[in-house]
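Please keep the viewer open as you read.

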Amino acid sequence: MIKIPIAIIGAGGMGGRHLRALGALYESGMANVELVAVCDKRKENANFLADNANELLGLRPKVFTSLEEMKSKMPEIEAVDITTDSGSHHLIAQEAFELGYNVLCEKPLSLTIKGCNKVIEAWKKSGKVLSVAEQERRDPICRLNKAIIDAGIIGDPYSFIQGSARGGNDIIIWPWRHYKNVGGIFVDAGVHAVDQMMYYLGDIEEVFAVSKIWEPVRYRGDKIGVSNFYDHWADEVPESIKASSEDMVISTLKYKNGAIGQWTSFWAAHGEPLEYSMIYGSKGSMKPAKQRRGDPLSLNIDGIGEITGQEVIDLVPDFHLDELTSRLFGSERIASYKTPFEDADRFLVALEYYELGQCITDGTMPEVNAYVGRKDLAVCNAALESSVLGRPVKIDEIENESTSVYESSINEYWNI
Ligand SMILES: NC(=O)c1ccc[n+]([C@@H]2O[C@H](COP(=O)([O-])OP(=O)(O)OC[C@H]3O[C@@H](n4cnc5c(N)ncnc54)[C@H](O)[C@@H]3O)[C@@H](O)[C@H]2O)c1
């Protein structure tokens, strides 16, 4: 198989996770991309990732601190994978298209719709591939969630109710996730949640929300990052920071198909953490399985009662995973898995890489393309806009930039 030479741009926590994903793709025997370079404005980070790549993949990628230098020294590179912090995505993605690269860009595509639109403009001009790295829907059990809904097993969807509450006044994952201009935690995690909502029930058309910053000062807690992915930089986290992004957003969502959703995103909850998720339809309910956990989904159908585990998959005889997912997770029809979190994490990103390679080769559009990525952000920003304006906000209003009070200070900060 021809391997497309690629570079990772941004060698922090997620850059490392993407490297592990490449390891999984190489091991699968289906690798269609090859890591040949790493670029980070912090040279020590690029070197750290390159050393890890040498150990994991058996080849040390070249190290750069700018895209321009990388382009001139290694013109053979065809694609870049942007894993820098969220505020910088629009700048790096635009530059990448101008230099002629195909792009896999971590979510969110940008922090503002104006930023997304700049990227989209540059992408269209380039004729290259743009894929947004939204991996959660690629989990085999999320694919099964979707197949069950599409098969009408719970009937017509009435409502998707979900929420999470945790965090207290700890720094969550990393300090920049509390800075509005770099990528607040609501948007950072919210685009994943929204992507799942719209993957299952279709587009959202309107949001009414209230938001708040409960904890304007956050403190270094016992846990830094996710799993051990950020351990290398743990000493860099200060004892306290000033937060400028919302840590509570409670939204009511109207879907285009008539369903109504409720979404609580609460990152300043002290005491007992909470997590819930339920989709109700005209014939029953589904507790959707969460990505990377491997737990089975469960159904409760009128006149039948609870259905879970292997019995769920019997309801969708045509359900089959694609070849790479089947290889990574061990079967083409699975209702649950025991794969550890860290492996599931790298398998899902491996699927993104593989799709990128395929799209470059055959010119097809990635599943999470620029428009899907922009809409995921638009729903989050519509919630924040709704809270500022004190009224429901249509997603169209955000996407066509007819209102952007919340986003305006971010656009000013980045001069977008
Ligand atoms: N899909 C997911 O599940 C998931 C999970 C975590 C993070 N992410 C996303 O990945 C991205 C990175 O997050 P992270 O936690 O790894 O951040 P991080 O702060 O750990 O790493 C960012 C890296 O980018 C580098 N960088 C910043 N600006 C740069 C520039 N202009 N040029 C080159 N390098 C630059 C930094 O030096 C740093 O090494 C974010 O957009 C985040 O939302 C996605």
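The report below takes up the two sheets in turn, together with the helices that pack on them.

This is a predicted model, in which local features need pLDDT of at least 70 and side-chain atom pairs count only at pLDDT 80 or more, while totals for chains, interfaces and linings use all residues. Residues are numbered from 1 along each chain as its sequence is written. Helices (H or I, at least four residues) and strands (E, at least two) are DSSP runs, numbered from the N terminus. Two strands pair if DSSP finds at least two bridges between them.

Let us begin with the open sheet of six strands, whose order is 3-2-1-4-5-6 and whose pairing is parallel. Its edge strands, strand 3 (62-64) and strand 6 (130-133), each pair on one side only. On average, neighbouring strands here are turned by 25° against each other, direction ignored. Axes are lines fitted to C-alpha atoms, for helices over the stretch in contact, and angles run from 0 to 180 degrees between N-to-C directions.

Helix 10 packs on this sheet and touches strand 1 (4-9), strand 2 (33-39), strand 4, strand 5 and strand 6. The direction of helix 10 makes about 175° with that of strand 6. Contact here means that the C-beta atoms of two residues, placed from the backbone, lie within 7 Å.

Helix 10 covers residues 341-362, and its 22 residues should span 32 Å at 1.5 Å a residue, which agrees with end C-alpha atoms 32 Å apart. The expected span is 1.5 Å times one less than the number of residues. Because 16 of its 22 residues are buried, helix 10 is largely enclosed by the rest of the structure. A residue is buried if 20 or more other C-beta atoms lie within 10 Å of its own, with C-beta atoms placed from the backbone. Just after the helix, Gly 363 takes a positive phi of about 75°.

A hairpin through two residues joins strand 13 to strand 14. Within that pair, Tyr 280 has Ser 285 as its bridge partner. Further bridge partners are Met 286 with Leu 299 of strand 15, and Phe 208 with Thr 252 of strand 11.

| Strand pair | Sense | Bridges |
|---|---|---|
| Strand 4 and strand 5 | parallel | four bridges |
| Strand 8 and strand 11 | antiparallel | eight bridges |
| Strand 13 and strand 14 | antiparallel | two bridges |
| Strand 14 and strand 15 | antiparallel | four bridges |

**Helix 11 and its partner**

How does helix 11 pack with helix 13, and at what angle? Helix 11 and helix 13 (residues 405-414) pack at about 115°, with axes 7 Å apart. That makes the two helices roughly perpendicular, a term for angles of 65 to 115 degrees. Residues making the contact include Leu 384 and Val 388 of helix 11 and Tyr 406 of helix 13. The contact residues divide into five nonpolar, one polar and two charged. Ala, Val, Leu, Ile, Met, Phe, Trp, Tyr, Cys and Pro count as nonpolar, Asp, Glu, Lys and Arg as charged, and the others, Gly among them, as polar.

Notes. Buried ≥ 20, exposed ≤ 12 C-beta atoms within 10 Å, placed from the backbone. Parallel < 35°, antiparallel > 145°, perpendicular 65-115°, else oblique.
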